Amino acid sequence: MTTSTASLAARTVFRIGYGALQLERLHDRRGEAVALLRRAVELGVDHVDTAEFYGFGFANDVIREALRPEDGVLVVTKVGADPDPGGPLPLRLAQRPEQLRAGVEDNLRSLGTDQLPVVNLRRLDSGPGLRPDGDQVVDLDDQLAVMTALRDEGKIGAIGLSSVTLDGLRRALPAGVVCVQNAYSLVSRDDEDMLRLCAAEGIAWVPFFPLGGAFPGLPKTVDEPAVHAVAESLGVTPSQVGLAWLLHHAPNVLLIPGTANPAHLEANIEAGKIALDAATLATLDAIESRSSEVPIG
């Protein structure tokens, strides 16, 4: 069985958390969204990933309603993009220092708190998604300066990075980084060197798109015949195999799978109990890794 806990921002947390992006699918069923988050807490989830641009603030509103101080849940949010309800995508880039500061203030308001425990600086240097242009091309050092100032002011507790390169992480280490969120899965393992650096530095590795395939053209873990064979032999689902592999792969991996379905939530949590022996891991490790570098838009 995998180790059940790991470190995040000087806290010991259960290695499987919850990503709040999918809560927006319950936008017209707010009660169900609140109940889903309460169920996650009951199942042991003690860290939640969110952003102001998830459902145009809906995810943060649900978190504010559902979570109680006594739950002890570490809420991790991000800045670097803002909601854009009328745009071609549901978000617009917000990379400039003053936009990062405004994003922190927006999250403080919508989450109803006076400090954000962890804030990820969402860069656009790697992985699938948008790339910056015009005034959204901002030097990392300028961004880290405002994030550090916000931490000094007590508005944020700790700084994380998202969609960064290995060089970017190295440049950011002196500022103090507690977690890295990059696109990473069994079928897209470009960032192995960065994962090793994070492990050496005591930084949590929190992959988004942990099963790949979030955009057309990207490989999907659940499409791999070897994953299906392992799932069948263990009596679990291919998705659970993909999540279990991540937990076995490195001790500093934390997962934040998202879902709007209570049964899927429970299945995701159960993935933490799946044991993969050496032969099974070797079979999965042999799966070809393909790039997740797909610019969108």
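Which members of the 77-residue largest nonpolar core touch the most other members? The views below come from a predicted model, in which local features need pLDDT of at least 70 and side-chain atom pairs count only at pLDDT 80 or more, while totals for chains, interfaces and linings use all residues. Residues are numbered from 1 along each chain as its sequence is written, and side-chain values use heavy atoms, with hydrogens and water left out.

**View 1. The largest nonpolar core and the surroundings of Leu-23.** Tyr-18, Leu-23, Leu-169, Val-180 and Leu-284 touch the most other members of this core of 77 residues, a core being a set of buried Ala, Val, Leu, Ile, Met, Phe, Trp, Tyr and Cys residues joined through side-chain atoms within 4.5 Å. Buried here means under 20% relative accessible area, exposed over 50% and partly exposed in between, with a 1.4 Å probe and protein chains only. Beyond its neighbours within four places in sequence, Leu-23 is in contact (heavy atoms within 4.5 Å) with Tyr-18, Ala-33, Leu-36, Phe-58, Ala-59 and Val-62. A second, separate core of 13 residues includes Ala-6, Leu-8, Leu-74 and Val-76.

**View 2. Ala-66 in helix H2.** Ala-66 lies in helix H2, helices being DSSP runs of H or I with at least four residues and strands runs of E with at least two, numbered from the N terminus. Ala-66 counts as buried because its relative accessibility is 1%. Not counting residues up to four places away in sequence, Ala-66 touches Val-34, Leu-37, Arg-38 and Asp-71.

**View 3. The largest cavity and its lining.** About 60 Å³ of space lies in this cavity, where a cavity is a set of points, on a 1 Å grid over the protein atoms alone, at which a 1.4 Å probe fits but cannot get out, and lining residues have an atom within 4 Å of a point. Grid points are joined across faces, edges and corners, and the volume is the space filled by probe spheres set on the points. Strand S4 (47-49) and strand S10 (179-181) each supply at least two lining residues, and the largest share, three residues, comes from S4. Among the lining residues are Leu-8, Asn-120, Val-206 and Ile-256.

**View 4. The largest pocket.** A pocket is an open set of points with protein on both sides within 12 Å along at least five of seven lines, and the largest one holds about 1300 Å³ of space. Of its 49 lining residues, Leu-21, Gln-22, Phe-208, Phe-209 and Ala-214 lie nearest the centre.
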